[in-house]
Each structure stands twice: as C-alpha cells, then as structure tokens.
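Please open the structure in a viewer and keep the selection tool at hand.

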Amino acid sequence: TRKIETKDIENKSITGIIPLYEKSTNPIKMSSDISIVEPSNIAVGINSDIFICDTKSQKISTHIPNAHSNSVLTLQYDPLNQLVLCSSGTDYSLKFWDIRKPDTCIGGVYENTHWIWSCKYNKNYSNVLATASSSSIVRNVIFNKLNEEENKFDKNLKDYSFIDYCEFEDSVYAVDWLANDSWTFVAVSYNSFFHVNTIPEEIKYKIML
C-alpha cells in the first residue's frame, strides 16, 4: 500500500479559526455535535449558550445566551426551514429558535424526564423529530401542521404528540433517519446494539396528509 505523507497537513489545511468563547474560570462544556446549514452557518453549544458562526466572515453571527438552564447537548437545523434551529439540553427540554430573533424561544417540548443526547429531523417530513435520551427511550415528536394563512412556519411547535420506543435496555446516545426511507430510523444505545425502527403504518398517513 502507498503511504500518505501527512507531515505538512497540520499547517496547510487550516483555512480559518473562529474564537467562540472568552477565557473563563469555569470548565467549558461543548455540545456533542454541531449543525451546519447552507451556505455557511454553523451552530454549536458551549455551556448553556448557543453560538451561530459564519464560516465565510469567520465571525459569530448570532449568540443565544442561556438557551438551556445547564448545558446544550445537541442542535439541528430544520431541513425545510433553515431559519429554525432545534436544541436540546441537560434540562431535559427541546427548544426551537428563529435565528433572526434569538432572544425568544418560539416553542419547546418539556415532557422529557432525562437528558436528550440527540435530535434529528426527518429528512422529508420536518414535522417529525426523533430524539435519543438517557431515559432509554427513543421518542418521535410529531408536530401538527398549520394552515398556510395561520403562520409562516409549516408546523405548530406548541401542538404535538409522541411515539415512544421503549425496547432499549440502557441510555440511547444517537439516532438518525435513513436517507432512502422516510419512515425508518436507527438508534444506538449504551449496550452497543443498533436498533432499526419504523413509524407505524397508521401514523404515516396522518403525517403525509
């Protein structure tokens, strides 16, 4: 096999560095992932705050202080409305933000009982959100749709229902939807098993309508 030279990559591959946080006496807790939306916005959680950075200008474009009461764990842009960002935290909540008006949370899901490690929008139906939790449950949050004249968003972030998948034996750390199947998702838990699940048939048609 051919050996790849890597000695010069460290310096030559860097195209920019964005400083996110000033020096602090407190330990910095980073979110477990970042979320990127075109053309150049990156969202990341640091401690209880959310920062949105523009990779072109290499500056912070939006700062949401105290987005969660303790630490931000994960973030996800709405794939069909990239002005909306979903975040989860160690306060057990999911929160939604309009990045143009970051001072106000535009909706939330507060019935969870444990940390939410991962939240992922369905790739084709953004009124469906899958979450993975240390409660050993994968929960699908299904938002009821709005009429076009009622709101500029396609879903009611305060009107939703749940589907809970409870077969996991331990904390569930990650979840994501299949790229070629809108109704199937995969989750991985602490017991090192992948679980493949589908949305029930009777629920599919309600989501599609």
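The stops below begin with the whole chain and then turn to individual elements and residues.

**Before selecting.** This is a predicted model, in which local features need pLDDT of at least 70 and side-chain atom pairs count only at pLDDT 80 or more, while totals for chains, interfaces and linings use all residues. Residues are numbered from 1 along each chain as its sequence is written, and side-chain values use heavy atoms, with hydrogens and water left out.

**The whole chain.** Display the protein chain as a cartoon: its secondary structure comes to 2 helices and 15 strands. These are DSSP runs, numbered from the N terminus (helices: H or I, at least four residues; strands: E, at least two). Of the 209 residues, 44% count as buried, that is, under 20% relative accessible area with a 1.4 Å probe, protein chains only. The accessible surface of the chain comes to about 12,100 Å², and 51% of this belongs to carbon and sulfur atoms; such areas come from the Shrake-Rupley method with a 1.4 Å probe.

**His68.** Select His68, in the loop between strand 4 (59-64) and strand 5 (72-78). His68 is buried, with a relative accessible area of 1%. Leaving aside neighbours within four places in sequence, its contacts (heavy atoms within 4.5 Å) include Ser48, Ser87, Ser88, Gly89 and Asp91.

**Strands 7 and 8.** Next, select residues 94-98 (strand 7) and 105-109 (strand 8), which pair in the antiparallel sense over 4 bridges. Two strands pair if DSSP finds at least two bridges between them. A hairpin of 6 residues joins strand 7 to strand 8, and Trp97 stands opposite Cys105 in strand 8.

**Asn127.** Move to the loop between strand 9 (116-121) and strand 10 (128-133), where Asn127 lies. Asn127 is buried, its relative accessible area being 4%. Apart from neighbours within four places in sequence, Asn127 is in contact with Val141, Ile142, Phe143, Lys145, Lys155 and Ile207.

**The largest nonpolar core.** Select Val138, Tyr165, Val175, Ile199 and Ile207, the residues with the most contacts inside the largest nonpolar core, which has 17 residues. Elements that give two or more residues to this core include strand 11 (138-145), strand 12 (155-165) and helix 2 (201-208). A nonpolar core is a set of buried Ala, Val, Leu, Ile, Met, Phe, Trp, Tyr and Cys residues joined through side-chain atoms within 4.5 Å. Finally, centre on Tyr165: not counting residues up to four places away in sequence, Tyr165 touches Val138, Phe185 and Ile199, among others.

How values were computed:
Buried < 20%, exposed > 50% of the residue type's maximum accessible area, 1.4 Å probe, protein only.
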